[in-house]
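Here is a walk through one protein chain. Keep the sequence and the model side by side as you read.

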Amino acid sequence: MTPNEKTISLRNRIMQLLLFFKDRFDLHEGKEDELETIDYIRKNVEFRGANLWILIFAIFVASVGLNVNSTAVIIGAMLISPLMGPIMGIGLAAGINDFELLKKSMKNLGIAVIISILTSTIYFSFTPLDDAQSELLARTEPTIWDVLIALFGGLAGIVAGSRKEKSNAIPGVAIATALMPPLCTAGYGLATANLYYFFGAFYLFFINSVFISLSTYLIVRFMKFPKKEFLDPKREKTVKTYITIFTILTIVPSVYLAYNIVKRTIWEKTATQFLTTQMEFPRTQVISSSLSYDPDSARIEVTLIGERISDEEIEILSRKLGGFNLRNTYLQVKQSGDRGTDLNVLRSDILKDLYERNELLIQDKDQKIALLERELAEYAQTSNQVLDIAREAKINHPSLQNFSMNRAVMADLQKDKQDTLLIAYAKFRARPNRQEQQRFQQWLKLRTKADSVALILE
């Protein structure tokens with residue numbers, strides 16, 4: 001084959017590969033008519049009547065789930081929630097230049113948000129359980145993972161919504177992007193007058209909503225949905241201008257927010273690494289630490305107990321921050337005996353640290369005890385069965401003289417794993433034939449309910 005023929009052959013293979021991937025990832029295959037999809041999303045934008053009551057009930061369910069720290073209840077509430085409709089409606093409206101749909105979607109989303117926060121505020125104002133549980137605390141601050149989940153979840157939602165056969169992707173997106181829990185947490189913040197929780201949770205909801213709308217807009221434009229046509233060219237130009245301004249005002253802040261969240265996530269990871277690797281001392285222990293990030297100035301606060309660390313050592317640690325790329329970060333070290341140190345807070349931190357460590361030790365011991373109890377119960381069960389099984393076997397096999405049975409651990413070297421095997425030993429006056437041996441082994445397997453039995457005959 002000549003060099004020219006080789007080049008042509010290679011090009012053909014590359015073209016075949018590209019065609020294969022194009023056919024495999026074609027979004028137009030199985031697509032619903034664009035007008036049907038637009039109508040489907042438009043119908044889910046409106047919040048009135050049953051839709052509004054469903055939202056209120058779902059908010060109550062989600063609030064109870066956050067209150068009692070039940071993940072299952074929260075997931076159920078997110079499945080009920082109709083919040084995805086107006087958010088996808090905003091992205092669709094921007095993608096097809098439908099200013100009326102955009103105004104309607106934003107209006108209904110605003111109504112849904114206000115009612116959701118009021119409903120959760122009412123609930124958390126009257127519930128006797130006012131402690132912030134882990135499920136609730138997880139919704140007070142967005143991370144880069146929330147951004148990615150909202151973006152890719154929104155892409156999955158609009159792609160699924162544009163299919164002829166509707167799948168369970170949209171309820172799945174509602175669960176993954178977690179739109180309801182942040183609104184409930186915002187209501188908790190209002191009910192308890194905790195503005196940090198309120199703004200943090202509302203910020204998380206805003207991030208999720210923006211990126212779901214953005215992903216809807218991108219897919220609508222990519223799949224070339226038909227744009228709204230106007231009889232008046234002047235009005236068309238005005239609407240396009242408004243849509244363009246809205247799109248820019250949505251995309252630019254969202255990119256900036258995502259950039260800051262990425263920076264904070266990287267900083268927190270690096271700060272945690274600094275604490276793990278550098279804050280180790282022979283006679284001093286870290287009992288608590290807190291991280292506070294701000295683009296201009298960040299803070300690592302550490303509380304120590306034990307032998308005091310000198311100011312020189314603290315200064316050396318502060319200089320090491322630059323080596324970890326923790327610029328504009330201030331290291332604050334609190335030690336027992338420092339002026340201004342709250343002894344009650346220090347004592348509380350020590351007790352909390354001891355409690356958490358004891359809890360881990362107790363859990364580890366409980367797991368070991370449970371494992372030993374299971375093994376002991378299996379051994380006792382096997383031992384207690386031996387005489388009864390031997391007597392029953394004697395009826396079917398009169399020449400049986402001795403019988404023993406026990407469980408052993410077998411190492412399977414081919415599969416590189418271990419398993420439990422029931423081993424039975426039987427001594428007969430006259431060795432039984434092969435058929436009788438097989439019948440005896442099968443009976444043992446059924447009688448002991450074992451997966452497999454190894455029979456040793458004498």
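**A buried serine and a helix pair**

Ser 209 touches Ile 87 and Leu 179, leaving aside residues up to four places away in sequence. This is a predicted model. Ser 209 sits in helix H11, which covers residues 195–222. Is Ser 209 buried or exposed? Its relative accessible area is 7%. The cut-off for buried is under 20%, so Ser 209 counts as buried.

Now turn to another part of the chain. Helix H3 spans residues 50–68, and helix H4 spans residues 71–80. The two pack with their axes 8 Å apart, at an angle of about 165°. Angles over 145 degrees count as roughly antiparallel, so H3 is roughly antiparallel to H4. The crossing of the two helices is left-handed.

Which residues make the contact? H3 contributes Ile 54, Ala 58, Val 61, Ala 62, Gly 65 and Leu 66. From H4 come Val 73, Ile 74, Ala 77 and Ile 80. By class, nine residues of this contact are nonpolar and one is polar. None is charged. Gly counts as polar in this scheme, so Gly 65 of H3 is the polar one.

Finally, step back to the whole chain. It has 15 helices and six strands. Of its 458 residues, 37% are buried. Take the contacts with a separation of 6 or more: residues 24 or more positions apart account for 73% of them.

Terms used
Residues are numbered from 1 along each chain as its sequence is written. This is a predicted model: local features need pLDDT of at least 70, side-chain atom pairs count only at pLDDT 80 or more; totals for chains, interfaces and linings use all residues. Side-chain values use heavy atoms; hydrogens and water are left out. Axes are lines fitted to C-alpha atoms, for helices over the stretch in contact, and angles run from 0 to 180 degrees between N-to-C directions. Helices (H or I, at least four residues) and strands (E, at least two) are DSSP runs, numbered from the N terminus. Angles under 35 degrees count as roughly parallel, over 145 as roughly antiparallel, 65 to 115 as roughly perpendicular and the rest as oblique. A crossing is left-handed if the near helix is turned anticlockwise from the far one by less than a right angle, and right-handed if clockwise. Contact means heavy atoms within 4.5 Å. Buried means under 20% relative accessible area, exposed over 50%, partly exposed in between (1.4 Å probe, protein chains only).
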